[in-house]
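Here's a quick tour for anyone opening this structure for the first time. Have the sequence and the 3D view side by side as you read.

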Amino acid sequence: QPQRLATHGSAQMLDANLCNRDETAAAAAAAGGAAGAAAAAAARPAVAILLCSAALMSTLSPSAATCQKSVTPFFVTCSWSQHLHPAPPAAAVGEFSTFYFGQNHPMKPHRLTMTHQLVLGYDLQQHMDVFRAVKAQPMQLGQFHSADYIDLLSLVTPDNQAEHAAAMARHNFNEDCPVFDGLFEYCRLYAGASIQGAVRLNHGLCDTAINWSGGLHHAKKGEASGFCYVNDLVLAILELLKYHARVLYLDIDIHHGDGVEEAFYLSDRVMTVSFHKYGDYFFPGTGDLKDIGEQRGRYYTLNVPLKDGTDDRT
C-alpha cells in the first residue's frame with residue numbers, strides 16, 4: 001500500500017521518536033544495574049488505556065451521565081478505591097457555550113454545559129475531583145501537529161479568513177470545519193484538558209480521567225476533519241508514552257477513529273482499536289478490517305467495521 005504509507009509520514013516520525021525514548025530508557029536502566037531497572041519498571045507500568053467514547057453530540061440518559069461522551073471545559077478524575085473530596089461547582093463551565101460553529105452545524109458546544117448540569121444534578125461531583133482546564137500551549141500542540149497548521153489556527157478569524165483562503169483549502173477547512181470566533185482558544189482548551197488528564201494518570205494521582213470536551217479523533221497532523229481541529233487524543237497518548245511502554249486506545253464512536261490510527265499506524269507502542277459503522281460511503285470511509293498497521297506497527301491496528309442494525313445479539 002504505497003499510497004497509504006505515504007500518508008503516514010507523521011506516524012513514522014512519531015514511531016522513531018518513541019523508539020529513541022525506549023533506547024534512552026533502556027540505556028539508563030542498564031547503567032543503573034538491577035536496582036535502576038527495577039525502579040524504571042515500577043515507575044513505568046506496562047500498559048495504559050485511553051478510551052474515546054460515543055459521539056460528541058450524544059444525548060445523555062441519567063444512568064449514562066458518567067460514561068457517555070459529552071462536553072465540558074473541565075476534566076474530572078476519579079479513584080474507585082476511595083471517595084474523593086467533593087469539588088466545588090464549575091463556575092466557568094459556560095466558557096464553552098460561547099463557541100458557536102454556526103446555525104446549521106451539528107456540533108453544539110453548548111451541550112458541555114448541559115452535561116455539567118447533569119453531573120451536578122445527580123451529585124456525581126461528590127465522587128470526583130473537578131479541575132479547570134489549562135489551555136495547551138502552541139508548543140504542546142506541536143508535539144503532533146505541523147507548525148504551519150498551528151499558525152493558521154492561531155491567526156485565522158471569521159473577519160480575515162478571505163486572506164487565508166489558500167492555507168484554509170490546504171488544511172481542509174470547509175463546511176464541516178468552519179472558522180468561528182475563538183477557534184484557537186477552543187482547541188487549546190479541550191486539548192489542554194486531555195493532556196492534563198494524561199499527566200495526572202502518569203503521576204498516579206487518579207485511576208480514571210475524563211475530559212467531557214475531548215475525543216476529537218479525526219484531526220490529522222496538518223488537517224482539520226470531521227468537526228475536529230486538534231487531535232487531543234494523540235497528544236494525550238504521547239503524554240502517556242512518557243511513562244508507559246504501551247498504550248491501548250479504544251474508540252467506540254460511530255465514526256472510525258482515523259486520525260489516531262493514522263498517527264500511530266507504524267508504531268508498536270500504541271494499539272488502536274476502533275468499533276465503527278462502515279460502508280455505504282459513511283464518513284470518513286476508512287477503518288476496513290484489512291487495515292492492520294504497517295512495518296513495526298503491523299497487527300497493532302484493529303478495526304471492527306459494523307453495518308447498520310448491529311446489536312448485542314449480532
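Let's begin with phenylalanine 180, which sits in the loop running between α7 (165–170) and α8 (183–202). Keep in mind that this is a predicted model. Buried or exposed, then, for phenylalanine 180? It's buried, because its relative accessibility is 4% and the cut-off for buried is under 20%.

**Around phenylalanine 180**

- Setting aside residues up to four places away in sequence, phenylalanine 180 touches Phe99, Tyr100, Phe101, Pro158, Tyr186 and Tyr229.

**Where α8 meets α9**

- The axes of α8 and α9 are 8 Å apart, and the two helices pack at an angle of about 25°.
- That angle makes α8 roughly parallel to α9, since anything under 35 degrees counts that way.
- As for handedness, α8 and α9 cross in a right-handed way.
- On the α8 side, the contact is made by Tyr190, Ala191, Ser194, Ile195, Ala198, Val199, Leu201 and Asn202.
- On the α9 side, the residues are Asp232, Leu235, Ala236, Glu239 and Leu240.
- Sort the residues in this α8–α9 contact by class and you get nine nonpolar, two polar and two charged.

**A closer look at aspartate 232**

- Aspartate 232 belongs to helix α9, which covers residues 232–240, and it's part of the contact with α8.
- Why does aspartate 232 count as buried? Its relative accessibility is 0%, and buried means under 20%.
- A polar atom of the aspartate 232 side chain lies 2.9 Å from the backbone nitrogen of glycine 215.
- Leave out neighbours within four places in sequence, and the contacts of aspartate 232 are Tyr190, Ala191, Ser194, Asn211, Gly214, Gly215 and Leu216.
- Three of these names, Tyr190, Ala191 and Ser194, come up again on the α8 side of the helix contact.

**Backbone details in the loops**

- You'll find proline 284 in the loop that links β6 (270–277) and β7 (301–306).
- Tyrosine 299 is also found in the loop between β6 and β7, and its phi is near 75°, a positive value in a residue other than glycine.
- Tyrosine 299 is exposed because its relative accessible area is 56%, and the cut-off for exposed is over 50%.
- Aspartate 123 has a positive phi too, near 55°, and it isn't a glycine either.
- Look for aspartate 123 in the loop between α4 (111–121) and β3 (129–132).
- With 42% relative accessibility, aspartate 123 counts as partly exposed.

**The chain as a whole**

- Stepping back, how many helices and strands does the chain have? There are 10 helices and seven strands.
- Of the 314 residues in the chain, 48% are buried.
- Take the contacts in the chain with a separation of 6 or more, and 73% of them are between residues 24 or more positions apart.

Note on methods:
Residues numbered from 1 in each chain as written. Predicted model: local features only at pLDDT ≥ 70, side-chain atom pairs only at ≥ 80, totals over all residues. Heavy atoms only, no water. Helix = DSSP H or I, 4+ residues; strand = E, 2+ residues; numbered from the N terminus. Buried < 20%, exposed > 50% of the residue type's maximum accessible area, 1.4 Å probe, protein only. Polar contact = N/O pair within 3.5 Å; in protein donor to acceptor, adjacent residues only side chain to side chain. Contact = heavy atoms within 4.5 Å. Axes fitted to C-alpha atoms, helices over the stretch in contact; angles between N-to-C directions. Parallel < 35°, antiparallel > 145°, perpendicular 65-115°, else oblique. Left-handed = near helix turned anticlockwise from the far one by under 90°. Nonpolar A, V, L, I, M, F, W, Y, C, P; charged D, E, K, R; others polar.
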